[in-house]
Amino acid sequence: MTSTSATMPWSPDRAKVFASQLSAKERFAGEAGGMRLTDREFENLHLNAPDFTTLERLQQLQVKLKRTAAEVRDKTSNMKMQDFKRLLFRAAAALISTQSMHYELLHELVNLPFVAFSPSSIAVGIEAWTWLIGERPDMEIPLMTEIDAGWAETIKRGRGLFSTSTNYSDPFVHPIENTATDKSLIDLATYSGQRLLSPHAQLLQMLLSRFQAVRYRRSGLMLVILRLIMRSTRSHQSISTSAMAREGRFSLLIFGFEALKGSKMDVYSEIQFRDGLYKTAFSWFAARAQWTYGASRVQVDADIKLLNEFLEALQSDVVRGSTGVTSLDGDRTQASKGVGAGSLTLPL
């Protein structure tokens, strides 16, 4: 997957981001320990803090997250982004210190950033989710399942990459204006488009990083990732046809071909998965060819590099069909390999 930063001649300095994330994790981990300590009696305050968060604290956080999501959905929330981040990290810290899985709180932790679904909310959510995965690997599959459900909700509601509000429209449909080009309007449209499409791009980067980490050792998580990609390709007609959506669409396709290459499926599943990827790719050409939106040379270079990566993925794609699922037993399967096609229609 490619972003515009990948085309720069220099490497971006991520030290500040790393330091910020590290300090946030240490801060909220210590804060969670302090909250557990306050539940103790006065005589035991000199002892170490309890290892596990009480059920009452977990329920309080769940109710707060659920109420905040309802306020964001109704557009009545006045919560600032700093408070939003503090709430998510406190919920993640509480889940890290739970003795058993608390699925309701985990659901609300993933659901809230998807309800807001802005670049900032998704970025904060990804920080909290990756922290939780790093500290509690046993929660990774349930958390990724919730992310899959949130992604499916964006498809259903037509948000982000699956929004039709920025779809390509024929220039001849619009009236001709004999006025000078207004750069401020172009910049505003670019900002609005990037704000709309950025959340899915961030989620794809996170999913790709998790895929690279577990592709050879966690079949359950691979199943969640494959299901998410297949659901997206089945909704390829809903993917935006805007020139700004080119990066998101082909990043999804590159991710899909990587997942296909790193997975072992039966023949039917492999055909269905590959068919969805090719349909999604071909649907891009249903709209007229478009140049990169705006006058950003960096974005042009990023699009060219992305398409070259997609071409490499296509050239390396090979139909394997190594595994077949059949109701025949082993002896009949071996016997059927030596008979003609007409004999396969006989009753078992």
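This report describes helix packing, salt bridges and selected individual residues in a predicted model.

## Helix packing

Two packed helices are described by the angle between their axes and the distance between the axes.

| Helix pair | Angle between axes | Axis distance |
|---|---|---|
| α8 and α10 | about 45° | 9 Å |
| α6 and α7 | roughly 150° | within 13 Å |
| α6 and α8 | roughly 5° | within 9 Å |

Helix α6 spans residues 140-157, and helix α7 spans residues 183-214. Helix α8 covers residues 219-234, while helix α10 covers residues 267-283.

The pair α6 and α8 crosses at roughly 5°, and these two helices are therefore roughly parallel to each other. On the α6 side, the contact is made by E140, I141, M144, T145, D148, W151, A152 and I155; on the α8 side, it is made by G220, L221, V224, R227, L228, R231 and S232. By class, the residues of this contact of α6 with α8 comprise 8 nonpolar, 3 polar and 4 charged.

Helix α6 also packs with α7, at an angle of roughly 150°. Because angles over 145 degrees count as roughly antiparallel, α6 and α7 are roughly antiparallel to each other. Their crossing is left-handed. Here E140, M144, I147, W151 and T154 of α6 meet H200, L203, L204, M206, L207, R210 and V214 of α7. The contact of α6 with α7 contains 8 nonpolar, 2 polar and 2 charged residues.

Among the α6 residues that meet α7 are E140, M144 and W151. E140, M144 and W151 are likewise among the α6 residues that meet α8.

Helix α8 in turn packs against α10 at an angle of about 45°, and the two are therefore oblique to each other. The crossing in which α8 passes α10 is left-handed. L226, I229, M230 and T233 represent α8 in this contact, and Q272, F273, G276, L277 and T280 represent α10. These residues of the contact of α8 with α10 divide into 5 nonpolar and 4 polar, with no charged residue.

## Salt bridges

The structure holds 12 salt bridges.

D83 counts as partly exposed, because its relative accessibility is 33%.

K279 is partly exposed, with a relative accessible area of 43%, and D275 counts as partly exposed at 34% relative accessibility.

R274 counts as buried, because its relative accessibility is 9%.

## Individual residues

R246 is placed in helix α9 (residues 246-261). At 7% relative accessibility, this residue counts as buried. Apart from its neighbours within four places in sequence, R246 is in contact with W284, Q290, W291, T292, D303, L306 and L307.

Two further residues have a positive phi although neither is a glycine. K75, with a phi of about 60°, is located in the loop between α2 (55-73) and α3. F117, with a phi of about 45°, belongs to the loop between α4 (103-116) and α5 (119-135). K75 counts as exposed at 77% relative accessibility, whereas F117 is buried, with a relative accessible area of 9%.

Notes. Residues are numbered from 1 along each chain as its sequence is written. This is a predicted model: local features need pLDDT of at least 70, side-chain atom pairs count only at pLDDT 80 or more; totals for chains, interfaces and linings use all residues. Side-chain values use heavy atoms; hydrogens and water are left out. Axes are lines fitted to C-alpha atoms, for helices over the stretch in contact, and angles run from 0 to 180 degrees between N-to-C directions. Helices (H or I, at least four residues) and strands (E, at least two) are DSSP runs, numbered from the N terminus. Angles under 35 degrees count as roughly parallel, over 145 as roughly antiparallel, 65 to 115 as roughly perpendicular and the rest as oblique. A crossing is left-handed if the near helix is turned anticlockwise from the far one by less than a right angle, and right-handed if clockwise. Contact means heavy atoms within 4.5 Å. Ala, Val, Leu, Ile, Met, Phe, Trp, Tyr, Cys and Pro count as nonpolar, Asp, Glu, Lys and Arg as charged, and the others, Gly among them, as polar. A salt bridge is a side-chain nitrogen of Lys or Arg within 4 Å of a carboxyl oxygen of Asp or Glu. Buried means under 20% relative accessible area, exposed over 50%, partly exposed in between (1.4 Å probe, protein chains only).
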